[in-house]
Amino acid sequence: MSDNNTNKGFSFATFWQRFGTITILLLLLVVLAIARPNAVFSSTSIPQILRQSAVNILLALGEFFAILLGYIDLSISAACGLTGMCSALLMRANCPWVLACIAGVLCGTMIGALNGFMINKTGLHPFIITLGMQTVYFGLMLVVSNSSSVYGFPAGFSKFMNATLWGVLPVGAIIALITAGILWFLTARTKMGRNLYALGGNREAAWYSGINVHRHQMLVYMISGTCAGLAGIVLTGRLNAAAPTAGTGYETFAIAATIIGGTSFFGGVGKIPGVVAGGLIIGIINYGMTVMMIDASMQKVVMGALIIIAVTLDHLVSTSAKK
Amino acid sequence: MEPLIRMVGITKTFPGVKALDGISFDIMPGEVHVLIGENGAGKSTLMKILSGVYQPTSGKIICNGREYDQLSTKTSVEEGIAIVYQELSVINELSILENLFVGKLPTKKFMGLSVVDFKSMREKAKVVLEQVGLHHDPDTLVGDLAVPDKQLCEIAKALVSGAKVIVLDEPTTSLTTSEVERLHGLIRELKAKGCGIVYISHKMKELKAIGDRITVLKDGTYVGTYPAAEITLDELIKLMVGREIKGTYFADESVDELMTHPVIFEAQGITRSDRTCRDISFQLHEGEILGFAGLVGAGRTETMEAIFGAVPKSSGKVFLKGKELHIKEPYAAIKQGLGMLTEDRRKLGFAKNFTCKQNISIEPYIKESTWGGLGGMLSNAKEEKWANEQISALNVKCTGPEQMTVDLSGGNQQKVILGKWMAAGSEVLIFDEPTKGIDVGSKSEIYILMRKLAKAGKGVLMISSEQTELLSVCDRIAVFHGGELKAVLEGKTATEEDIVRISTTE
């Protein structure tokens with residue numbers, strides 16, 4: 001909701017508010033292109049980056065809605081893992097893979113609805129509820145999978161999930177982009193979306209304006225859960241297996257992508273395209289570190305540091321804009 | 001006898017307002033000095049200068065023979081001044097004992113280290129708790145105490161710090177009669193020990209019972225100081241009120257004529273679940289503005305919140321043009337044609353992340369939405385139309401529909417809020433303190449707008465704590481006291497004294 005840039009002249013802060021995320025994205029690409037030209041200018045690099053980013057983008061899209069309300073959803077990582085596992089088990093039980101995928105996504109929606117229900121009924125901060133539910137869902141995943149990986153899916157599923165459109169767009173990325181398109185429409189063109197911004201800006205004022213807080217909260221967590229469900233399917237497809245610990249730590253990436261994408265942690269400000277860019281940034285950082293042969297443990301250290309740097313930069317610029 | 005504290009010629013200006021103008025005030029040892037005045041008269045500002053929260057623009061403060069141009073919060077405490085605010089400042093998470101010594105824990109040396117001296121703490125605490133009559137175990141968490149006991153704890157805290165001057169700001173608002181008696185007993189004991197007490201209250205009867213001298217403030221100026229024994233309540237009320245009324249905004253018709261108009265809005269027996277308002281009934285006729293007077297917490301806002309569905313009501317019915325409305329949440333109220341301009345604009349009035357256009361569009365969107373507010377599309381053309389219409393109709397001073405509402409002045413924010421209800425075509429509008437914190441020019445504009453709405457057949461209800469405002473705008477005024485509607489006065493003939501008398505005396 002930062003369309004108020006009717007200012008005269010050029011200001012770095014305004015520029016940053018609008019194009020900061022894209023700038024970071026381009027900078028990262030340039031840095032990577034200089035350090036490892038082969039990793040960027042090759043026919044496989046783009047699909048590779050997109051494939052890695054799809055899950056991040058999907059999870060970030062869900063997280064965006066919770067953060068837009070000034071809340072958070074920590075359970076998406078576990079929801080992603082659990083829904084992927086459910087679909088995997090269904091496929092192993094000879095359920096047609098399309099049905100299994102749909103069931104997985106719906107499972108995500110139901111997980112979100114359960115989160116929303118508990119948040120509305122208890123009145124506790126969603127941080128607490130979703131933190132607890134994250135553990136519950138991770139636990140359930142271990143229970144239903146007997147703590148072992150599930151693999152060996154129908155050929156149709158593997159083929160579909162590993163297909164690419166025009167040789168550049170993997171199916172996972174297409175799913176993420178379609179989801180982003182629908183959610184963009186929801187936030188930018190429907191009353192419900194506008195209500196969410198009002199709620200995030202000022203919950204009590206929204207209530208007095210006739211916006212039912214509980215109904216919207218429920219919806220937000222259902223969206224978040226559905227996105228986690230989609231991410232679960234895409235993740236299972238990419239790995240061609242469902243691990244009993246899949247998704248661990250993904251909520252951090254989702255939160256980071258959302259914030260880097262220009263969403264205010266205090267609620268009420270942010271846009272879907274920014275979130276998509278944020279998810280891509282996380283994907284590129286991951287990809288970049290892999291091609292630069294940084295080992296997996298060190299990648300985590302770098303990732304954490306980069307997230308803090310990005311958010312600090314964003315914070316500094318936006319506070320200086322207010323002066 | 002020398003006064004404990006003497007404030008001489010205190011003036012305090014805030015940008016644009018003179019809050020205090022040459023006020024003099026003193027406190028003698030062993031007296032209860034009552035400070036009265038209407039909301040905004042300057043009582044709190046004066047006490048904040050005494051406690052060092054505000055610095056006076058000019059004037060002197062003489063404490064125990066030492067002269068100051070201004071006090072800091074630290075020197076104020078050192079000079080033995082303690083203030084017990086209406087919103088108590090005890091820390092619920094700490095015990096009584098810890099609260100008493102917060103920030104000044106006694107210490108002793110133990111193996112070369114400075115450690116808290118619990119023994120001397122307990123001894124001291126025992127003495128003061130005995131004195132104030134708080135008979136709880138000092139280790140009880142303050143959060144577990146009832147409000148009157150918290151207040152005693154706060155007074156005990158003042159005594160621990162060696163206060164000689166204790167200011168009690170509206171100390172009896174939430175006390176029962178017997179608790180008031182207990183507090184007054186304690187005040188008399190403190191008096192006998194030579195303490196000076198400043199007692200601020202709206203409850204007239206109490207003032208006569210406990211006060212020795214009474215100082216009256218009005219609009220930031222000093223009216224006079226009178227011995228409590230020699231002045232009557234009626235005289236005091238006259239001194240507090242009696243401002244000039246500038247311009248009237250009444251209906252052209254007389255109240256008798258207005259009463260013949262059809263009833264457009266009616267409330268019957270509104271009682272809130274938390275009982276902050278009980279059995280409130282009133283009727284609003286077409287063309288009239290009905291005012292609501294009373295002290296803060298008397299049940300006016302509470303009633304309106306219940307009617308509007310923002311908080312649950314346990315019983316009561318609401319009718320719009322003879323049709324009963326069923327309201328469980330503000331959404332339902334809005335769909336059926338009600339609108340409410342809340343008192344706290346910044347907190348409840350508008351979305352701070354929205355432009356004027358977006359804020360104005362909230363209510364018309366809600367009005368025509370489906371699925372409980374979730375269904376429906378946005379339309380930029382409609383938003384433009386609503387925003388432009390209201391901005392020009394209400395003369396909102398802004399750079400355009402795209403300006404952020406939060407960047408506007410208070411008066412213009414209020415107009416944006418009014419604009420969203422107008423755009424939604426609300427039939428009945430509840431104005432809760434519509435001119436609070438708004439400059440004089442915008443105030444007058446808002447009164448004129450309200451009258452226009454009433455003339456156009458909309459229902460207008462107005463809550464205000466400014467009697468002059470009610471007396472120059474409202475055709476009838478309902479006066480609240482203690483959660484009940486006590487009387488309905490006629491705006492043209494009622495006086496401020498009438499309102500103050502009904503809203504302050506039981």
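Buried means under 20% relative accessible area, exposed over 50%, and partly exposed in between, with a 1.4 Å probe and protein chains only. By this rule B:R501 is partly exposed, because its relative accessibility is 34%. The model is predicted, with pLDDT of at least 70 needed for local features and 80 or more for side-chain atom pairs, while totals for chains, interfaces and linings use all residues. Residues are numbered from 1 along each chain as its sequence is written, chains are lettered from A and ligands numbered from 1 in the order in which they are written, and side-chain values use heavy atoms, without hydrogens and water.

B:R501 takes part in a salt bridge with B:D234, at 3.4 Å from N to O; the term stands for a side-chain nitrogen of Lys or Arg within 4 Å of a carboxyl oxygen of Asp or Glu. The two residues are 267 apart in the chain, B:R501 in helix α18 (residues 496-504) of chain B and B:D234 in helix α8 (residues 233-240) of chain B. Helices (H or I, at least four residues) and strands (E, at least two) are DSSP runs, numbered from the N terminus. B:D234 also counts as partly exposed, because its relative accessibility is 40%.

Over all chains the structure holds 30 salt bridges. Another of them joins B:D252 to B:K455, with the closest N and O atoms 3.5 Å apart. Elsewhere, B:D26, B:E31 and B:R213 are joined into one network by salt bridges that share partners. B:R213 belongs to strand β11 (residues 213-218) of chain B, whereas B:E31 sits in the loop between β2 (17-27) and β3 (32-36) of chain B, 182 residues apart. B:E31 is buried, with a relative accessible area of 7%, and B:R213 is partly exposed, at 23%.

Chain B can also be read by domains. An assignment, automatic or from a database, gives domain 1 (5-240), domain 2 (245-337 + 427-440 + 454-506) and domain 3 (350-426). The centres of domain 2 of chain B and domain 3 of chain B, taken over C-alpha atoms, are separated by 25 Å. Contact, meaning heavy atoms within 4.5 Å, involves 13 residues of domain 2 of chain B and 15 residues of domain 3 of chain B. These two domains bury about 1,100 Å² between them, 65% of it on carbon and sulfur atoms; buried area is the accessible area (1.4 Å probe) that two parts lose on being put together, summed over both. α11 (330-335) and β19 (428-432) of chain B each supply at least two residues of the side of domain 2 of chain B that touches domain 3 of chain B. That side divides into eight nonpolar, one polar and four charged residues. Here Ala, Val, Leu, Ile, Met, Phe, Trp, Tyr, Cys and Pro count as nonpolar, Asp, Glu, Lys and Arg as charged, and the others, Gly among them, as polar. Between domain 2 of chain B and domain 3 of chain B there are zero salt bridges.

B:K357 lies in helix α13 (residues 356-367) of chain B and is buried, with a relative accessible area of 7%. Its side chain makes a polar contact with the side chain of B:E384 at 3.2 Å. A polar contact is a pair of N or O atoms within 3.5 Å; within protein, one must be able to donate a hydrogen and the other to accept it, and residues adjacent in sequence count only if both atoms are side-chain atoms. B:K357 and B:P401 are 44 residues apart in sequence, with their C-alpha atoms 4.8 Å apart in space.

The remaining interface is that of chain A and chain B, where 27 residues of chain A are in contact with 37 residues of chain B. Chain A and chain B bury about 2,800 Å² between them, 56% of it on carbon and sulfur atoms. A:K191, A:R194 and A:Y208 supply 31% of the area that chain A buries against chain B, more than any other three residues. Three salt bridges are counted between chain A and chain B.
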